[in-house]
2 protein chains.
Amino acid sequence: MSRLAVAGVVAVGEELLAGEHPDLDSPLIARALLPHGRQLAAVHVVPDDEQAIADAVTELATRVGLIFVTGGLGPTLDDVTRHGVARAAGVELRHSDEAWRGVQAWYARSGRDIPESNRRQALIPLGASVLHNRVGTAPGFRCRIGDAELFALPGPPRELEEMLDHEVDPWLRQHPLEGEHLAIHHFYLAGLSESVFAEQAGDWMERGSNPLIGCTVKSGVLHARLLAHAETPERAQALVDGRSRAFRERFKEHIFSEEDADPAHALGRVLLEKNLSVTCAESCTGGMVAAALTRVAGISAVFPGAEVTYSNQAKSRLLGVAPELLERHGAVSAPVAEAMARGAAQRYGARLALSVTGIAGPGGGSSEKPVGLVWFGVCLDGEVRTLERRWPPAGRERVRAWATTQALVLLLEAARRA
Amino acid sequence: MSRLAVAGVVAVGEELLAGEHPDLDSPLIARALLPHGRQLAAVHVVPDDEQAIADAVTELATRVGLIFVTGGLGPTLDDVTRHGVARAAGVELRHSDEAWRGVQAWYARSGRDIPESNRRQALIPLGASVLHNRVGTAPGFRCRIGDAELFALPGPPRELEEMLDHEVDPWLRQHPLEGEHLAIHHFYLAGLSESVFAEQAGDWMERGSNPLIGCTVKSGVLHARLLAHAETPERAQALVDGRSRAFRERFKEHIFSEEDADPAHALGRVLLEKNLSVTCAESCTGGMVAAALTRVAGISAVFPGAEVTYSNQAKSRLLGVAPELLERHGAVSAPVAEAMARGAAQRYGARLALSVTGIAGPGGGSSEKPVGLVWFGVCLDGEVRTLERRWPPAGRERVRAWATTQALVLLLEAARRA
């Protein structure tokens with residue numbers, strides 16, 4: 001690829017080098033570049049140190065066309081990204097009224113006074129343009145370093161994502177690469193592992209394949225990305241469309257959405273369209289399914305509430321699960337999952353109700369009912385289906401996350417047939 | 001810090017630069033180094049390219065004492081870490097019988113035949129020692145690059161962790177640093193922003209301060225890290241202890257734990273110690289508080305369940321909130337928060353109950369009750385306290401995450417005084 005088509009990241013932060021969390025920003029930047037035919041060629045993680053930042057920026061400017069610096073734009077003394085970039089650019093910092101108004105507006109919206117230290121956030125290198133941050137205090141900026149274009153963006157992934165969408169993406173659209181066009185399509189799947197997926201996808205995933213399929217898995221959701229490149233936009237799109245049709249055929253049982261990475265949003269969309277009331281009764285997931293459902297803005301129109309029935313007593317008293325059922329079959333069983341789903345539907349007067357009861361671990365497992373065993377019940381208009389899943393004992397939070405995704409996918413299937 | 005005390009990572013992998021997943025290896029390495037008084041100074045993420053690997057290794061060898069190369073040790077043609085390191089060391093690759101026996105043993109244990117391509121995995125640079133991999137096929141190796149010691153380790157985090165424990169840690173113990181020792185202490189705070197914290201911490205955060213305080217914020221939890229260095233371990237510890245005492249005094253209203261980054265775990269610990277029963281009634285957080293509580297293994301001993309009462313009708317019918325209260329004050333108000341907390345405590349027969357009702361947005365706000373307004377109620381043994389918080393309208397999920405953290409901290413305070 002040409003030098004202009006490749007980009008580099010300088011991720012700034014002592015906490016990254018102290019091992020407190022991974023660098024989550026570079027993957028976001030890589031994925032934002034991809035539809036524009038640009039790729040990351042290097043990432044440098046550096047401490048909050050002016051010279052280290054300047055050195056990394058200077059090095060990248062010799063070999064990439066786009067540089068992203070993330071983090072270190074906060075108000076405290078250890079936030080020195082502005083200074084490091086200005087040093088690499090060989091210019092002074094100046095106070096930007098535009099940046100300062102953005103910081104002030106943020107504080108005004110939140111009804112708080114601005115600490116004096118925040119004035120630092122309005123400093124940008126001479127000649128740089130301000131990039132607006134709609135979801136945090138730290139403004140970003142864009143400037144030239146030699147022949148390269150540099151974007152300085154805030155470190156928190158949520159703020160970074162918002163600025164990639166609203167500040168970087170429009171710039172990239174205005175500066176297309178010549179003779180290289182990409183087309184992309186996304187599929188979101190549930191209920192199959194990465195290795196089973198890779199086996200079934202076969203040579204579609206081989207390096208050099210065009211379109212190329214890449215996949216990532218998170219909390220039980222498999223995200224497959226079809227990416228084609230060609231000399232014209234139309235040709236790239238035709239390549240992706242053809243492979244997408246074949247993909248849909250091959251994976252139809254597992255695809256839950258081609259728009260929403262989050263099954264809760266796919267579900268919310270259907271529920272709201274059909275005005276279908278929903279509730280749930282959770283044991284091992286302890287509120288995670290309800291928490292996921294309520295990520296959807298406006299869901300209150302169809303979601304009156306839910307029960308977290310953790311103890312057996314709560315299952316009996318609040319959902320009407322017969323104590324004999326619990327005694328005979330145990331709380332993690334098909335009959336109890338069924339009774340919980342029915343109880344929740346009745347209690348909330350909802351057409352659709354989901355129940356989940358399982359053994360998340362680390363304790364509580366047995367040879368017959370091991371850690372990772374989870375039962376689900378789905379009640380739609382009084383008719384209940386149950387499903388058993390057995391996941392590997394990969395840790396309490398993973399089992400709970402898998403069960404939550406499965407619950408949302410089951411609700412989605414039921415909502416679609418309602 | 002001296003050059004010997006600092007380390008660098010070269011993380012190898014096209015998938016890291018394609019944004020498929022973050023570099024999870026560097027944080028593991030950073031945390032493995034810390035107890036030995038060593039710190040990461042730089043991370044370079046590079047593609048599966050022999051020259052890029054050699055360049056990054058050569059650059060690091062000029063400024064750090066320890067180099068870790070992760071990934072690219074597999075059997076396929078794009079695994080070129082061995083070649084890149086050999087080029088940086090200026091030596092040839094050789095076949096290692098010891099490494100080959102390790103690969104063979106792995107296949108023997110898994111009952112499969114060895115593909116011919118795996119012979120590549122037995123190649124190591126001339127003069128290097130083999131590092132055994134007990135949980136995967138890829139052996140690692142250790143060699144010198146100039147004055148630096150280099151460890152080449154497999155990329156999958158599970159394999160890396162195992163080799164850090166069994167191959168790297170013993171080496172670090174045998175090679176302690178002279179005259180440079182670190183001590184560290186953590187504080188976890190809630191209810192103050194990063195900039196207010198920085199103002200109150202003042203020169204404790206200034207570069208060159210010893211101990212130095214660094215801070216990061218996630219979901220409303222502020223993590224402050226005190227790090228001291230000195231010529232003896234005792235002196236480093238004394239420095240950290242002294243500053244920690246002053247820190248505790250200055251921030252006592254905000255520190256919720258010195259052990260648990262997760263307020264749910266801090267809370268779970270106290271609840272279980274005191275055998276204090278707990279429940280909650282959630283509106284805007286929609287199950288997130290219950291989901292957080294149930295992250296704690298064994299919490300079923302004190303947590304029977306909880307209510308997600310999203311609609312007004314659910315608040316009245318299930319928690320006994322008087323419809324007049326809802327009509328007069330609105331669902332987001334002190335009287336309703338109080339009634340919800342009382343109702344939840346009674347319904348579940350719990351000594352401690354929390355309620356949360358607020359406007360997460362994006363819709364539903366008004367000038368009097370803007371998006372970001374959240375009321376909390378805490379009922380302990382029948383006595384209720386309420387609290388109002390106003391957060392900036394930073395997006396539905398952030399307001400919900402902040403409210404969840406606040407709820408857990410309120411429960412923790414109440415549980416401590418119970």
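Guide: Let's start inside one chain: C143(A) has L150(A), in strand 8 of chain A, as its bridge partner. Strand 7 (residues 140–145) and strand 8 (residues 148–153) of chain A pair antiparallel over five bridges; strands here are DSSP E runs of at least two residues, helices H or I runs of at least four, numbered from the N terminus, and pairing takes at least two DSSP bridges. This is a predicted model, where local features need pLDDT of at least 70 and side-chain atom pairs count only at pLDDT 80 or more, while totals for chains, interfaces and linings use all residues. Residues are numbered from 1 along each chain as its sequence is written, with chains lettered from A and ligands numbered from 1 in the order written.

Now zoom out: 12 strands make an open sheet with mixed pairing, in the order 6(A)-7(A)-8(A)-3(A)-1(A)-2(A)-2(B)-1(B)-3(B)-8(B)-7(B)-6(B). Strand 6 (129–131) of chain A and strand 6 (129–131) of chain B sit at the edges with a single partner strand each, so one side of each has no neighbour in the sheet.

Where the chains meet, strand 2 (residues 39–46) of chain A runs antiparallel to strand 2 of chain B, joined by three bridges. One pairing to look for is V45(A) with V43(B). The contact takes 66 residues from chain A and 66 residues from chain B, counting C-beta atoms, placed from the backbone, that lie within 7 Å. On the chain B side, strand 2 gives the most, with eight residues.

Conventions:
Two residues are in contact if their C-beta atoms, placed from the backbone, lie within 7 Å.
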